[in-house]
Amino acid sequence: MARPRALLMRFVYFTLAIASMVLNVPSAIHGSELLPEDQSIAEVVDHYISARLKQERIDAAPPANDANVLRRTTLDLVGRIPTSSETASYVNDKDEYKRRNLIDRLIGSPAFVRHQVNEFDALLMPDEKNRLREYLLAAFTENRPWDQMFREMMLGQADDPEQKGALQFVKARVGDTDRLTNDVSVTFFGVNVSCAQCHDHPDVYEWSQDRFYGMKSFFNRTFDNGGLLGEHEYGLVSYQTTEGEARKAQLMFLTGAILEEPEVAEPDDKTKKEEKEKLEELKKQKQAPPAPSFSRREQLVEIALKSGENDYFAKAIVNKLWNRFFGYGLVMPLDQMHPENPASHPELLEWLSRDLVAHNYDLSRLVRGIVSSEAYCRSSVWKGSSRPHPDTFAVGSVRPLTPYQYATLLRVATANPDSQSADQKPEDVEARLASLENAARGIAGEIEYPGPEFQVGVAEALFFSNSERVRNDLLRDSNDMLIGKLKKTDDVNELISVATMSIWNRLPDPEEEAALVAYLQSRSDRRDEAIGQMVWAMLTSSECRFNY
């Protein structure tokens with residue numbers, strides 16, 4: 001009875017899925033229906049975002065002011081705030097191309113590479129940061145294509161210095177094949193199939209046990225042999241359906257594509273023993289196991305990047321990068337990319353994915369295009385009665401900073417601004433900023449990584465209230481620190497201007513200035529202490545904790 005009932009259930013799911021697609025999912029978008037391929041990314045972003053706003057009769061927020069755009073872009077591209085000198089220079093710059101020049105300068109700087117490394121290390125190794133840093137630094141330095149990085153993370157050669165580090169992605173997970181299967185699906189394809197490990201998804205036809213165990217089959221032959229990855233020639237994945245039917249998994253990609261493979265017999269005990277002895281010998285010699293004649297992991301890479309099958313791969317990274325710069329993905333949640341959860345702007349996602357593939361998976365090009373759009377530069381202040389839903393992108397988002405961003409902000413903000421002024425040699429300023437960025441790593445470890453419903457946690461609040469590190473690293477009054485300069489500044493209005501330009505990257509508004517003047521004057525008998533408290537309050541304000 002189990003088999004007929006299973007077939008009936010699959011028929012029902014299939015029927016419901018088709019009905020759901022007809023009712024809820026936009027019709028398939030063909031290339032000819034999209035904007036031309038030769039339009040710029042920024043133009044296409046603004047076209048599709050504006051079209052949705054017009055359709056819903058929403059007036060978008062106006063552009064943010066220059067100081068705001070500079071701060072947002074600098075945080076997003078190089079992971080720090082601009083210096084006082086950079087802010088003054090950008091705000092006073094009359095060049096009509098100053099925004100384009102800013103983006104070119106930031107993306108062309110070594111700091112862009114370092115920030116990409118931080119962001120992708122957190123994306124790829126969220127529980128084991130720094131395991132991929134060395135590989136990512138080399139890959140982003142030469143702007144390696146995303147598909148090549150994926151290939152190297154799945155298939156890197158242990159004897160190739162450039163690829164060896166990439167294998168950490170698989171090695172860190174190979175002891176738990178279920179986790180490896182789901183992490184690959186989520187990270188590279190935007191699909192969380194973990195629930196299908198136990199049962200077919202009731203609403204998403206594509207998320208079936210067949211596909212979960214089909215994906216798992218790409219990894220079930222992979223093993224760790226003394227720190228070096230190997231892959232057996234044999235081994236099948238068996239599972240039991242919720243109806244109790246025992247099945248052998250097929251080599252099946254998330255799209256449902258099934259790969260043919262040569263039949264192999266399970267070796268007898270004697271052969272397995274000989275294989276084990278050979279692997280032990282290779283382990284002692286620190287040599288990688290021989291490559292299999294048919295690599296299932298290699299088959300995964302080939303099918304995932306195959307034209308017609310690579311939608312998941314291209315769209316997943318586009319969606320993640322969009323979420324990074326807009327604070328909300330074109331598909332939300334980010335790991336729920338399936339037909340029953342369409343994109344807010346399906347044509348835009350389709351065009352950006354097509355463009356990414358057509359331009360050799362160049363992530364820097366995609367980043368440059370997104371931050372060059374008018375939609376990216378909108379003010380985050382909404383003066384209407386009801387703030388539009390974030391998936392309209394009508395108003396700039398307010399996003400919590402990552403630990404590295406916030407820690408670097410704290411270091412840059414509390415350094416003496418004279419050491420970063422326009423009077424200094426540019427190479428000296430760059431070296432100074434790189435040093436501050438490096439010094440921020442210690443504080444970054446004390447700051448929590450923001451989740452979807454971010455609130456400052458107790459541990460982080462206690463750190464800023466009680467830690468000696470905050471006092472010693474950020475609030476010193478030595479000559480190389482902001483507080484050291486402020487204490488030597490007699491004019492209170494100038495003192496406040498220097499502080500807000502260094503920490504908030506803007507001058508104070510009249511109300512803020514009046515409040516800060518009143519505070520310092522009320523504590524004129526203990527001026528130095530008051531300056532320290534003012535700086536501490538500004539550093540721990542929400543304005544510093546968020547990109548807006």
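On a 1 Å grid over the protein atoms alone, a cavity is a set of points where a 1.4 Å probe fits but cannot get out, and its lining residues have an atom within 4 Å of a point. With that in hand, welcome to this structure. The model is predicted: local features need pLDDT of at least 70 and side-chain atom pairs count only at pLDDT 80 or more, while totals for chains, interfaces and linings use all residues. Residues are numbered from 1 along each chain as its sequence is written, and side-chain values use heavy atoms, with hydrogens and water left out.

## Cavities

The structure holds 3 cavities of 30 Å³ or more. The largest cavity has a volume of about 50 Å³, a volume being the space filled by probe spheres set on grid points that are joined across faces, edges and corners. Its lining is made up of Val78, Gly79, Arg114, His115, Asn118, Tyr404, Gln405, Thr408 and Glu437. H6 and helix H18 (403-413) are the elements that give two or more residues to this lining. Helices here are DSSP runs (H or I, at least four residues) and strands are runs of E (at least two), numbered from the N terminus.

Contact means heavy atoms within 4.5 Å. Glu430 sits in helix H19 (residues 426-444), and its C-alpha atom is 9.2 Å from that of Ser109, 321 residues apart along the chain.

How far apart are the end C-alpha atoms of helix H11? They are 17 Å apart, which agrees with the 18 Å that its 13 residues (177-189) should span at 1.5 Å a residue. The expected span is 1.5 Å times one less than the number of residues.

Several residues of H11 are buried, including Leu180, Val184, Phe188 and Phe189. Buried means under 20% relative accessible area, exposed over 50%, and partly exposed in between (1.4 Å probe, protein chains only). Among the elements covering the buried residues of H11 are helix H6 (110-124), helix H8 (146-155) and helix H14 (296-304). At the N-terminal end, Asp176 caps H11, with a side-chain oxygen 3.3 Å from the backbone nitrogen of Asp178. Just after H11, Gly190 takes a positive phi of about 65°.

Glu302 lies in helix H14. Its C-alpha atom is separated by 8.8 Å from that of Arg151, 151 residues apart along the chain.

Most residues other than glycine have a negative phi, and most peptide bonds are trans.

| Residue | Phi | Relative accessibility |
|---|---|---|
| Arg57 | near 55° | 79%, exposed |
| Asn143 | about 50° | 29%, partly exposed |

Arg57 is in the loop between helix H2 (41-55) and helix H3 (66-78), and Asn143 is in the loop between helix H7 (133-141) and H8.

A cis peptide bond joins Met332 and Pro333, with omega about -10°. Pro333 belongs to the loop between H15 and H16. His338 lies in the loop between H15 and helix H16 (346-358). Is His338 buried or exposed? His338 is buried, with a relative accessible area of 12%, and it touches Val204 and Trp207, not counting residues up to four places away in sequence.

Key:
Polar contact = N/O pair within 3.5 Å; in protein donor to acceptor, adjacent residues only side chain to side chain. 1 Å grid on protein atoms, 1.4 Å probe; cavity = no way out; pocket = protein on both sides within 12 Å on 5 of 7 lines; lining within 4 Å.
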